[in-house]
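Today I am opening my notebook to look up a few side chains and their neighbours. Come along and check each entry against the picture.

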Amino acid sequence: MQPHCHDQVILTLKQHKTVPEQMKSLMSGTVLDEEDLITRKLLCEMLTSVFEEFFPGSRVYQFGSSMNGFGVKGCDLDLFLDFNLEKLQLKNKDLSTIKGKKVALCQRY
C-alpha cells in the first residue's frame, strides 16, 4: 500500500471489517520498516564520512520522527550536523579556514 494515495488507503481499509484490523493494516503499510531505518542510518554514516574530511571530528545525527517511532514511509529525515567546534578550537569565530577552505560558522549562544 502506498501511504500517500488516498484512494488506495480507502480501498485497503474497506477490506477489513473491524477498526483494529484497519489500524493494523494502515500501520503495516505506512510505518518505516527495517530496510527504511537501515537506509537512513547508512545515509547518516555516509554524510558523516564526507563532512569528516573537511571538519575532523564532525558527525551527523538523526532526530525526529525517524528516531522516535513516529516516522512513516516518505517522511523527511531530520539531521543535525555537529561540527564539534571545541575539538576544532574554533569557538566564537565567525569565519575560519579549515583545510584551506573558508567556511562561515554559526556562533553558539
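Before the first entry I need one term: a helix here is a DSSP run of H or I with at least four residues, numbered from the N terminus. I also note that this is a predicted model.

**Entry 1: Arg 40.** I found Arg 40 in helix H3, which covers residues 34-54. Does Arg 40 have a salt bridge, or is it without one, and which side chain of opposite charge is nearest? Arg 40 is buried and has no salt bridge; Asp 36 is the nearest side chain of opposite charge, 6.0 Å away. I did find a polar contact of 2.5 Å between the side chains of Arg 40 and Ser 66. Leaving out residues up to four places away in sequence, I listed what Arg 40 touches, including Leu 32, Gln 62 and Cys 75.

**Entry 2: aromatic pairs.** How many aromatic pairs does the structure hold? I noted 2. Phe 55 and Phe 83 are edge-to-face, with 4.7 Å centre to centre and 75 degrees between the planes. They sit 28 residues apart, Phe 55 in the loop between H3 and strand S1, and Phe 83 in the loop between strand S2 and helix H5. Phe 55 is buried at 9% relative accessibility, while Phe 83 is partly exposed at 25%. Tyr 61 and Phe 80 are stacked, 6.4 Å centre to centre and 25 degrees between the planes. Tyr 61 is in strand S1 and Phe 80 in strand S2, so this pair ties together parts 19 residues apart in sequence.

**Entry 3: Glu 21.** Last, I looked up Glu 21 in helix H2. A polar atom of the Glu 21 side chain lies 3.2 Å from the backbone nitrogen of Lys 17.

Key:
Residues numbered from 1 in each chain as written. Predicted model: local features only at pLDDT ≥ 70, side-chain atom pairs only at ≥ 80, totals over all residues. Heavy atoms only, no water. Helix = DSSP H or I, 4+ residues; strand = E, 2+ residues; numbered from the N terminus. Polar contact = N/O pair within 3.5 Å; in protein donor to acceptor, adjacent residues only side chain to side chain. Buried < 20%, exposed > 50% of the residue type's maximum accessible area, 1.4 Å probe, protein only. Lys, Arg positive; Asp, Glu negative; His and termini not counted. Salt bridge = Lys/Arg side-chain N within 4 Å of Asp/Glu carboxyl O. Contact = heavy atoms within 4.5 Å. Phe/Tyr/Trp six-rings, centres within 6.5 Å; stacked < 30°, edge-to-face > 60°.
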